Amino acid sequence: MNGNVGWQLGMASDLMSIPVEIAKRTTRTNPTTMNHRSDIEKIQTDGEGLHHHAKLGIMCPLPSMSTGKDPLSSVVFSRMQDIGCPLAADSKQRFQFEKLLSELSAKFINVSAERVDSQIKWGLQQIVELLGIDRSGLGQVSADRKQIVVTHSYELPGIPPSAGFLLDSRFPYFAKMVYQGAVIRLPDELPLEASREREYCAQTGLRSNVTIPLVVMGSVVGGIGFTSFRSDRKLPDDLIPRLRMIGDIFTNALARKRADEELRVNEQSLKQAREDLRQLTSKLIHSQEEERARIAREMHDDWTQRLALLGIDAAKLLSQLESNDVALPLVVAMQDKVKVLAEDVHALSRQLHPSIINDLGLTEALRSECASFANREGIDIDYSPANVPMKLPKDVALCIYRVAQESLRNVAKHSAVNSASVMLVADERELRLRIEDCGIGFDPKDIRSQPGLGLSSMKERVSLIQGILTIDSARGKGTTVEVRVPLEGGNR
Ligand SMILES: Nc1ncnc2c1ncn2[C@@H]1O[C@H](COP(=O)(O)OP(=O)(O)OP(=O)(O)O)[C@@H](O)[C@H]1O
Ligand SMILES: [Mg+2]
């Protein structure tokens, strides 16, 4: 058989050229077949029919997707058959094979990861049916590159299936050839030492098999096999590159599927890592608050009490001193220092744990914080609360209080201003806090790489209550920190 002839029928062939081209080559192959020649000449000069074909050929190129039975090519091939062209059957099959190849390429371009396996099986079935063989299978080299696993197979009813087994342990010679990248034909090319393979052929009645290794970037990634049991269906050598192409299409789709699965696993573990981090942050913030509350209680209940006693002792001592006693001014100064120290400890304990929020509500707690900040730092604070409900969820109130505290600390530390504003407003949907200064500002890009503890803990705290934190700042343009938290009735 002159295999090359049929393969000239590429998908892009001009329809007109099909019978003529074959006619020329057939004439060359069979120069003495006069009847055949005259039949062809008849077609060439048959005005009606030929012009009809020619026109159609120019008007509608061969479809690249199979649309069931292609009427135009059927006409061409039946004409070839009618004139007794010896290549008619072969050309028809090869034409259909090209169509299948094209259809497979198109199908696999956008196939989703979930459908890759079923599409491969479908592809194998199409090949089996088209080539008139009994079974077709795809094997893949495992991730550790130690085994070839037959992962996909299609076989006609009654034919032994091949999917699911390890090629290496069952057919070591065969597997070795695949690893070497050699196309192998059974049973013809089996040497004596391939006893397992020979046994299998004898037991199952395998009449022919061709297996084509699939190679990606120089290394074998698997193989695609075509097997016949009922007849000795030899596939021509020039078909091998086309079949390999189909194997490559499958391999490519499987690689994409694997990449997709890996991506999903990575996404899942990233999601899990984020959730773990969120839970850890939440625990850290809670235990930090608990520790602060414990220290604040100790300061309030123990230290301030002891300082109060010290103050009483100083007063007693003072009452026993004569007005001209040299120790008098010293004891008076000591009494004042104890008083200031007691106030500082009280203020610090309040900062550490603002129990005032529970007693007087967030509005008053922040008013007190702004006042003591202004007093301490010498920075005027314009505090404007509006419509803030007395009862807020504890975690929301504490978070807002902490963000305000840290923002004010930043104003004092970084902004170089002597005034700032704090706004706290609520409506039925959300609570909004805004701390604004007109100071030196900063470029948020600069702190993205090296954020301090203050801004990042603000961010974590706000995200734990499903709020949104916005920091708006630019060099020389001041800084605005805003928190928005949905309230009941909103989507909190
Ligand atoms: N109101 C502000 N005005 C100017 N710069 C600010 C202001 N707030 C923050 N920044 C800048 O953002 C940086 C990060 O602030 P952040 O509160 O995270 O850290 P920090 O205040 O430097 O240290 P920490 O809060 O951990 O004690 C600051 O170092 C400062 O450069
Ligand atoms: Mg800070």
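Colleague: Are helices H11 and H17 roughly parallel or roughly perpendicular to each other?
Modeller: This is a predicted model, so every value I give you is computed from it. Two packed helices are described by the angle between their axes and the distance between the axes. For H11 and H17 the axes are 10 Å apart and the angle is about 105°. Since angles of 65 to 115 degrees fall in one class, H11 and H17 are therefore roughly perpendicular.

Colleague: Which residues of H17 make the contact with H11?
Modeller: The packing in question is the one at an angle of about 105°. On the side of H11 the contact is made by Thr281, Ser282 and Ile285, and on the side of H17 by Glu460, Arg461 and Leu464.

Colleague: How many charged residues does the contact of H11 with H17 have?
Modeller: The residues that make this contact include Ser282 of H11 and Arg461 of H17. By class, 2 are nonpolar and 2 are polar, and the number of charged residues is 2.

Colleague: Is H15 roughly parallel or roughly antiparallel to H17?
Modeller: H15 and H17 pack with their axes 10 Å apart, at an angle of about 165°. An angle over 145 degrees has its own class, which means that H15 and H17 are roughly antiparallel.

Colleague: Which residues of H17 are met by H15, and is the crossing left-handed or right-handed?
Modeller: From H15, the residues involved are Cys399, Arg402, Val403, Glu406, Arg409 and Asn410, and they meet Gly454, Met458, Arg461 and Val462 in H17. By class, the residues of this contact divide into 4 nonpolar, 2 polar and 4 charged. As for the handedness, the crossing of H15 and H17 is left-handed.

Colleague: Which element gives the largest share of the shell around ligand 1?
Modeller: Ligand 1 is surrounded by 17 residues, and the closest are Asn410, Gly452, Leu453, Gly454 and Leu455. Two elements give two or more residues to this shell, namely helix H15 (394-415) and helix H17 (453-464). The largest share amounts to 5 residues, and the element that provides it is H15.

Colleague: How many residues of the shell around ligand 1 are charged?
Modeller: The shell as a whole holds 17 residues, Asn410 and Gly454 being among the closest. Divided by class, the shell has 7 nonpolar and 8 polar residues, and the charged ones number 2.

Colleague: Is H14 roughly parallel or roughly antiparallel to H15?
Modeller: Helix H14 (residues 362-377) packs with H15 at an angle of about 15°, with their axes 11 Å apart. Because an angle under 35 degrees settles the class, H14 and H15 count as roughly parallel.

Colleague: How many nonpolar residues are there in the contact of H14 with H15?
Modeller: In H14, the residues Leu362, Ala365, Leu366, Glu369, Phe373 and Glu377 meet Ala397, Ile400, Tyr401, Ala404, Gln405, Leu408 and Ala412 in H15. Of the residues in this contact, 1 is polar and 2 are charged, while the number of nonpolar ones is 10.

Colleague: What is the phi of Met217, and where is Met217 found?
Modeller: Met217 is exposed, with 5 other C-beta atoms within 10 Å. Met217 is found in the loop between strand S4 (208-216) and strand S5 (219-228). Although Met217 is not a glycine, its phi is positive, at about 45°.

Notes
Residues numbered from 1 in each chain as written. Chains lettered and ligands numbered in written order. Predicted model: local features only at pLDDT ≥ 70, side-chain atom pairs only at ≥ 80, totals over all residues. Near = placed C-beta within 6 Å. Helix = DSSP H or I, 4+ residues; strand = E, 2+ residues; numbered from the N terminus. Nonpolar A, V, L, I, M, F, W, Y, C, P; charged D, E, K, R; others polar. Axes fitted to C-alpha atoms, helices over the stretch in contact; angles between N-to-C directions. Left-handed = near helix turned anticlockwise from the far one by under 90°. Contact = placed C-beta atoms within 7 Å. Buried ≥ 20, exposed ≤ 12 C-beta atoms within 10 Å, placed from the backbone.
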